[in-house]
Amino acid sequence: MSSEEEPTDAELETSEFQETVQQELDRLPPAYQSVLTLFFIQELSYDEIVKVTGLPLGTVKTRLFRGRLILRAEVLKAFQDRQSIASIHTAGAVRKEIPS
(Lines give C-alpha, C1' and ligand atoms only; values in the text may rest on other atoms or scores of the structure.)
Protein backbone atom coordinates (compact mmCIF):
# COMPACT_ATOMS: atom_id res chain seq x y z
CA MET A 1 0.00 0.00 0.00
CA SER A 2 1.50 3.34 -1.04
CA SER A 3 1.27 6.47 1.08
CA GLU A 4 -1.52 7.75 -1.20
CA GLU A 5 -3.71 4.64 -0.94
CA GLU A 6 -6.45 4.31 1.62
CA PRO A 7 -7.61 1.06 3.21
CA THR A 8 -10.35 -0.81 1.34
CA ASP A 9 -13.81 -1.29 2.84
CA ALA A 10 -12.90 -4.86 3.76
CA GLU A 11 -9.80 -3.63 5.58
CA LEU A 12 -11.83 -0.98 7.40
CA GLU A 13 -14.09 -3.67 8.79
CA THR A 14 -11.32 -5.77 10.24
CA SER A 15 -10.90 -5.85 13.97
CA GLU A 16 -7.21 -5.10 13.51
CA PHE A 17 -8.03 -1.83 11.77
CA GLN A 18 -10.64 -0.94 14.40
CA GLU A 19 -8.07 -1.63 17.12
CA THR A 20 -5.60 0.62 15.33
CA VAL A 21 -8.17 3.43 15.19
CA GLN A 22 -8.89 3.05 18.91
CA GLN A 23 -5.18 3.02 19.79
CA GLU A 24 -4.51 6.13 17.74
CA LEU A 25 -7.60 7.84 19.18
CA ASP A 26 -6.25 7.13 22.67
CA ARG A 27 -2.96 8.81 21.71
CA LEU A 28 -4.54 12.06 20.54
CA PRO A 29 -4.31 15.16 22.70
CA PRO A 30 -7.25 15.23 25.15
CA ALA A 31 -8.89 18.22 23.45
CA TYR A 32 -9.29 16.28 20.20
CA GLN A 33 -9.84 12.89 21.79
CA SER A 34 -12.82 14.01 23.86
CA VAL A 35 -14.63 15.77 21.02
CA LEU A 36 -14.03 12.91 18.56
CA THR A 37 -15.23 10.38 21.12
CA LEU A 38 -18.38 12.36 21.83
CA PHE A 39 -19.13 12.79 18.13
CA PHE A 40 -18.20 9.41 16.63
CA ILE A 41 -18.52 6.94 19.47
CA GLN A 42 -21.29 8.46 21.57
CA GLU A 43 -22.90 9.93 18.43
CA LEU A 44 -23.67 13.32 19.98
CA SER A 45 -24.63 16.26 17.78
CA TYR A 46 -22.60 19.47 17.66
CA ASP A 47 -25.10 21.15 19.97
CA GLU A 48 -24.96 18.27 22.46
CA ILE A 49 -21.16 18.41 22.48
CA VAL A 50 -21.35 22.17 23.13
CA LYS A 51 -23.61 21.52 26.12
CA VAL A 52 -21.47 18.68 27.50
CA THR A 53 -18.12 20.42 27.10
CA GLY A 54 -19.09 24.06 27.52
CA LEU A 55 -17.04 24.89 24.43
CA PRO A 56 -18.22 27.34 21.77
CA LEU A 57 -19.68 25.72 18.62
CA GLY A 58 -16.80 27.00 16.48
CA THR A 59 -14.27 25.38 18.79
CA VAL A 60 -16.12 22.06 18.65
CA LYS A 61 -16.17 22.14 14.84
CA THR A 62 -12.51 23.12 14.65
CA ARG A 63 -11.44 20.36 17.05
CA LEU A 64 -13.48 17.80 15.12
CA PHE A 65 -11.94 18.91 11.84
CA ARG A 66 -8.36 18.99 13.12
CA GLY A 67 -8.80 15.86 15.21
CA ARG A 68 -10.09 13.92 12.19
CA LEU A 69 -7.11 15.05 10.13
CA ILE A 70 -4.64 14.01 12.81
CA LEU A 71 -6.41 10.73 13.51
CA ARG A 72 -6.62 9.85 9.83
CA ALA A 73 -2.93 10.53 9.27
CA GLU A 74 -1.90 8.53 12.33
CA VAL A 75 -4.16 5.58 11.52
CA LEU A 76 -2.91 5.44 7.94
CA LYS A 77 0.68 5.62 9.14
CA ALA A 78 0.16 2.88 11.72
CA PHE A 79 -1.69 0.69 9.23
CA GLN A 80 1.05 1.15 6.62
CA ASP A 81 3.75 0.43 9.22
CA ARG A 82 2.01 -2.83 10.10
CA GLN A 83 1.75 -3.73 6.42
CA SER A 84 5.46 -3.01 5.94
CA ILE A 85 6.39 -5.16 8.91
CA ALA A 86 4.21 -7.99 7.59
CA SER A 87 5.92 -7.69 4.20
CA ILE A 88 9.34 -7.90 5.80
CA HIS A 89 8.34 -11.00 7.75
CA THR A 90 6.84 -12.60 4.65
CA ALA A 91 9.92 -11.82 2.57
CA GLY A 92 12.13 -13.30 5.28
CA ALA A 93 10.05 -16.48 5.36
CA VAL A 94 10.28 -16.81 1.56
CA ARG A 95 14.07 -16.41 1.62
CA LYS A 96 14.36 -19.16 4.23
CA GLU A 97 12.41 -21.53 2.00
CA ILE A 98 14.55 -20.95 -1.11
CA PRO A 99 17.36 -23.52 -1.22
CA SER A 100 20.83 -22.11 -1.76
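This is a predicted model: local features need pLDDT of at least 70, side-chain atom pairs count only at pLDDT 80 or more; totals for chains, interfaces and linings use all residues.
Two packed helices are described by the angle between their axes and the distance between the axes. Here the partners are helix 3, which spans residues 30–41, and helix 4, which spans residues 46–53. Their axes lie 10 Å apart and meet at an angle of about 135°. Helix 3 and helix 4 are therefore classed as oblique to each other, since an angle counts as roughly perpendicular from 65 to 115 degrees and as roughly antiparallel over 145. The crossing in which helix 3 passes helix 4 is right-handed.

On the side of helix 3, the contact is made by Val-35, Leu-38 and Phe-39. Helix 4 contributes Tyr-46, Ile-49, Val-52 and Thr-53. By residue class, the contact of helix 3 with helix 4 comprises six nonpolar residues and one polar residue, with no charged residue.

With neighbours within four places in sequence left aside, Val-52 is in contact with Leu-38 and Leu-44. Of these, Leu-38 also belongs to the helix 3 side of the helix contact. The C-alpha atom of Val-52 is separated by 9.9 Å from that of Val-35, a residue 17 positions away along the chain. The relative accessibility of Val-52 is 55%, so this residue counts as exposed, the threshold being over 50%.

The aromatic residues form the second topic. The count comes to two aromatic pairs. In one of them, the rings of Phe-39 and Phe-40 have centres 4.9 Å apart and planes at 85°, so the pair is edge-to-face. Phe-39 also pairs with Tyr-46, and this pair is stacked, with 5.5 Å from centre to centre and 15° between the planes. Through these ring pairs, Phe-39, Phe-40 and Tyr-46 are linked into a cluster.

How accessible are the members of this cluster? Phe-39 has a relative accessibility of 23% and therefore counts as partly exposed. Phe-40, at 44%, counts as partly exposed, and Tyr-46 is likewise partly exposed at 32%.

The two topics share residues. Phe-39 and Tyr-46, which form the stacked pair, are also among the residues that make the contact between helix 3 and helix 4.

Key: Residues are numbered from 1 along each chain as its sequence is written. Side-chain values use heavy atoms; hydrogens and water are left out. Rings of Phe, Tyr and Trp (its six-membered ring) pair if their centres lie within 6.5 Å; planes under 30 degrees apart count as stacked, over 60 as edge-to-face and the rest as tilted. Buried means under 20% relative accessible area, exposed over 50%, partly exposed in between (1.4 Å probe, protein chains only). Axes are lines fitted to C-alpha atoms, for helices over the stretch in contact, and angles run from 0 to 180 degrees between N-to-C directions. Helices (H or I, at least four residues) and strands (E, at least two) are DSSP runs, numbered from the N terminus. Angles under 35 degrees count as roughly parallel, over 145 as roughly antiparallel, 65 to 115 as roughly perpendicular and the rest as oblique. A crossing is left-handed if the near helix is turned anticlockwise from the far one by less than a right angle, and right-handed if clockwise. Contact means heavy atoms within 4.5 Å. Ala, Val, Leu, Ile, Met, Phe, Trp, Tyr, Cys and Pro count as nonpolar, Asp, Glu, Lys and Arg as charged, and the others, Gly among them, as polar.
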